[in-house]
Amino acid sequence: LGFSYFNCMEHTQHLWKEQEHTLRRSFVFPTFLTAIDFVNEVAALSEKHRHHPNISVDYRCVGLSLSTHDDGNIVTAKDHKLARAIDLLYRSNETC
């Protein structure tokens, strides 16, 4: 990604909320299967970034949370970069 840390923060801070040293965001999909497809795409993207979110699925809602475990479970540039990439992935697949 060609974004600086501050550029990533600027683009993600209104969509992702920082709570308890973790970036969090929920995504709602039209069907359970589209939610699961998104989870699989996030998994592949996370592997490329070598950084992995905690993921929860509640029917059509996918919850993601990011923190950097290696740095003491805090939010770092790594989290903001992955959050930005996930946002781009979501927007590229938006159908509703």
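Which strands does helix H3 lie across? In this predicted model, helix H3, made of residues 77–93, lies across strand S2 (22–28) and strand S4, and H3 runs at about 10° to S2. Let's look at the sheet to which these strands belong.

The sheet is open and has four strands, placed in the order S1-S2-S4-S3, with antiparallel pairing. Strand S1 (17–19) and strand S3 (54–58) stand at the edges; each has a single partner strand, so one side of each has no neighbour in the sheet. From one strand to the next, the twist averages 25°. If you wonder what holds such an arrangement together, strands of a sheet pair through backbone hydrogen bonds, either parallel or antiparallel.

S3 and strand S4 (residues 61–66) run antiparallel and are joined by five bridges. You can find Asn 54 standing opposite Ser 65 in S4.

Between S3 and S4 there is a loop, and Arg 60 has its place there. Is Arg 60 buried, partly exposed or exposed? Its relative accessibility is 32%, so Arg 60 counts as partly exposed, since that value falls between the 20% limit for buried and the 50% limit for exposed.

Arg 60 and Phe 29 are 31 residues apart along the chain, yet 5.2 Å separates their C-alpha atoms. A polar atom of the Arg 60 side chain lies 2.8 Å from the backbone oxygen of Phe 29. Leaving aside residues up to four places away in sequence, Arg 60 touches Phe 27, Val 28, Phe 29, Pro 30, Thr 31, Phe 32 and Ala 35.

Terms used. Residues numbered from 1 in each chain as written. Predicted model: local features only at pLDDT ≥ 70, side-chain atom pairs only at ≥ 80, totals over all residues. Heavy atoms only, no water. Pairing = 2+ DSSP bridges. Helix = DSSP H or I, 4+ residues; strand = E, 2+ residues; numbered from the N terminus. Axes fitted to C-alpha atoms, helices over the stretch in contact; angles between N-to-C directions. Contact = heavy atoms within 4.5 Å. Buried < 20%, exposed > 50% of the residue type's maximum accessible area, 1.4 Å probe, protein only. Polar contact = N/O pair within 3.5 Å; in protein donor to acceptor, adjacent residues only side chain to side chain.
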